[in-house]
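Reader: Please present the structure, and then let us discuss its ligand shell and several individual residues.

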Amino acid sequence: MKVDKTIRNIIVAEIVFPILLLVFGIYHGLMQVLYRAGVIKDMSVGGIEYYQGLTLHGVINAIVFTTILIVAFGNIVFLYYLKKPLRPAVQWLSLILMFGGTLMAAWAMFTKKANVLYTFYPPLLAHWTFYLGAALLIIGSIIPLFFDWLPNYLAWKRENPGQKVPLAVYGILVNHIMWVIMVVPVVIEVLFQLLPLSLGLVQEINPSLARTLFWAFGHPVVYFWLLPAYTFLYTVLPNIVTGEGKLYSDGAARLAFILFLIFSFPVGLHHQFTEPGITNNYKLIHALFTFGVAVPSMLTAFTVASSLEYSIKSKYPEVKDSLFYWWTKIPYISLEGNKWLVSYFMAGLFLFFVGGITGIINASYNMNQVVHNTSFVPGHFHTTVGGLVTLVFLGMSLYFLSQLTGKEVRFKGLAVLAPWLWWQGMLIFEYAMSVAGMHGFPRRTNTGISYLNPESPLYRPEWVGYAELSVFAGVLIVIGFVFWAVSFFGTLLSPAVREADLEIPTAQAYHDEQMPALQKLAPWVVFSSLLFLISYIPPLYDVMKRGVFHDSPGYNDKNPAPITKPQTAKEDEKKTAEVK
Ligand code: HAS
């Protein structure tokens with residue numbers, strides 16, 4: 001389909017901008033493994049400090065890269081499947097807010113004013129531009145939903161009464177509705193706690209409350225990253241695996257999206273199992289719901305595997321009766337047509353299998369005590385957000401870039417090898433980090449100058465081998481990324497060879513169930529919001545007993561003295577003045 005030039009340019013910018021930033025993000029990932037293994041024995045390299053680099057790595061890769069690309073993918077999906085134009089004014093506003101907000105936060109991070117990591121836990125305090133920048137990014141990412149996607153969706157429903165909205169639209173819509181719900185707590189945290197403290201309007205805040213609000217956003221956000229990848233797994237992968245394959249069950253895919261809508265929210269306390277001040281009963285309830293949120297992923301594993309099996313067996317009758325031999329017919333490495341994209345999906349799925357297992361270990365209340373705050377946790381999330389999500393996003397970005405610019409994918413050979421190098425690197429990284437984590441290797445620590453430094457009294461030789469293995473893994477991952485980047489930027493800089501034309505290979509459903517209960521989203525949205533509230537009111541009450549603006553002054557990562565005045569100091573001064 002033809003796409004209006006302005007909209008096309010906006011979407012291409014929404015793909016290229018986060019990817020340019022990702023180059024920095026990946027560079028700081030490499031720096032991390034080098035610091036942590038002691039290859040770099042310092043607190044900074046090239047003027048960028050350890051925690052500054054780690055903040056850039058997390059914020060760019062996990063927050064900026066994902067959010068802006070998800071908006072780009074959403075625009076593409078709504079445009080293509082509903083065949084309704086997007087409004088340039090809405091898209092410009094969204095782009096300006098997202099890019100402006102990102103640059104504002106980037107300024108704070110690059111000038112060392114926001115060494116607070118991507119979770120920005122208080123009492124660590126950043127410059128107000130960091131928080132405001134993040135808020136603008138979020139607002140910009142929501143605007144298309146309200147002013148383009150929802151109006152187009154409702155118009156489509158009116159024009160097609162009783163029909164199911166295309167599956168990709170359904171997935172992206174559920175995901176963005178989840179996004180709107182999940183940002184509420186983090187916006188409250190930013191507006192009513194972090195910004196006032198950062199602007200000096202208050203002297204202290206309650207970190208337990210802030211962390212609880214953050215994680216009420218921080219776990220659902222992982223599904224906000226995941227669901228666009230699942231959307232393409234359901235719609236694109238089954239088709240391209242043979243060129244004419246089918247999705248095994250449309251109903252199962254829709255059910256998975258609704259289960260995410262229900263279970264993504266009442267789970268955030270699984271990040272706070274070890275924190276005092278929150279009732280244990282609710283921690284347990286959140287642990288149980290976390291097992292619930294693994295169910296739609298298991299459903300997805302089943303549906304995707306069945307789709308692959310059905311599609312392969314329909315195309316190659318010689319493997320029709322085989323139990324496993326049909327696996328060999330999957331085009332893991334192929335340059336034919338769109339099949340190069342299959343490698344991104346398959347490498348991602350293989351990583352996600354491991355990410356799922358480690359996630360369930362994390363979620364198991366008592367096992368979490370062993371792995372919490374160790375390198376096990378980064379091991380887990382590099383196979384989820386750093387695995388399936390990133391690989392699908394990289395593959396689809398390259399595909400859409402080529403479609404929207406009318407350029408051929410260049411260096412296809414490198415583009416096909418890239419995900420497999422990434423996969424191998426991440427798998428080794430995950431192994432090293434998980435096993436070391438089970439031996440207590442901490443996360444978020446410059447271990448090269450402490451625990452892994454033979455001259456330090458803290459030296460722990462048993463972690464050395466794993467840290468060195470993670471360097472090897474990091475190098476493989478970076479080589480994979482370079483292969484992909486050569487193809488991406490090679491494509492971007494090459495001349496157009498045809499008219500820009502957007503086509504998304506889409507699988508028809510083998511079982512195309514109606515499932516009327518899943519057609520109306522509103523009741524599920526209400527139910528999920530209520531469950532979110534119920535699961536959070538008691539824990540929020542627990543952590544709010546000391547108020548919003550009490551407990552701790554602000555700190556930075558440089559020295560142990562507070563950077564805002566503790567409340568008690570103010571009270572002491574008042575008392576002294578009264579005595580005088
Ligand atoms: Fe997680 C921490 C639990 C999924 C991301 N997670 C994190 C953090 C991040 C993150 C970033 O309960 C760190 C936050 C921080 O900085 O502190 N996570 C889970 C659970 C799941 C899970 C139970 N996480 C994700 C996803 C993420 C993500 C998805 C990003 C996109 N996670 C936790 C917990 C913590 C945590 C605790 C806190 C730890 C702590 O103590 O701090 C589940 O949703 C996972 C379910 C997944 C599955 C796998 C299904 C398998 C599939 C592949 C099948 C393969 C096929 C191939 C089909 C059940 C779909 C077939 C091939 C053929 C050839 C046929």
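**Ligand shell and selected residues**

Author: A polar side-chain atom of H372 lies 2.6 Å from an oxygen atom of the ligand, a polar contact being a pair of N or O atoms within 3.5 Å, where within protein one must be able to donate a hydrogen and the other to accept it, and residues adjacent in sequence count only if both atoms are side-chain atoms. This is a predicted model, in which local features need pLDDT of at least 70, side-chain atom pairs count only at pLDDT 80 or more, and totals for chains, interfaces and linings use all residues. Residues are numbered from 1 along each chain as its sequence is written, and side-chain values use heavy atoms, with hydrogens and water left out.

Reader: Which element gives the largest share of the shell around the ligand?

Author: The shell holds 36 residues, a residue being near if one of its heavy atoms lies within 4 Å of the molecule. They divide into 23 nonpolar, 12 polar and one charged; Ala, Val, Leu, Ile, Met, Phe, Trp, Tyr, Cys and Pro count as nonpolar, Asp, Glu, Lys and Arg as charged, and the others, Gly among them, as polar. Helices (H or I, at least four residues) and strands (E, at least two) are DSSP runs numbered from the N terminus. The largest share, nine residues, comes from α11.

Reader: How far apart in space are K41 and I449, C-alpha to C-alpha?

Author: K41 is found in the loop between α1 (5-37) and β1 (44-45). Although K41 and I449 are 408 residues apart in sequence, their C-alpha atoms are separated by 5.4 Å.

Reader: Which backbone oxygen does the side chain of S529 reach?

Author: S529 belongs to helix α16, residues 522-543, and is partly exposed at 25% relative accessibility. At 2.7 Å, its side chain reaches the backbone oxygen of V525.

Definitions and conventions. Buried means under 20% relative accessible area, exposed over 50%, partly exposed in between (1.4 Å probe, protein chains only).
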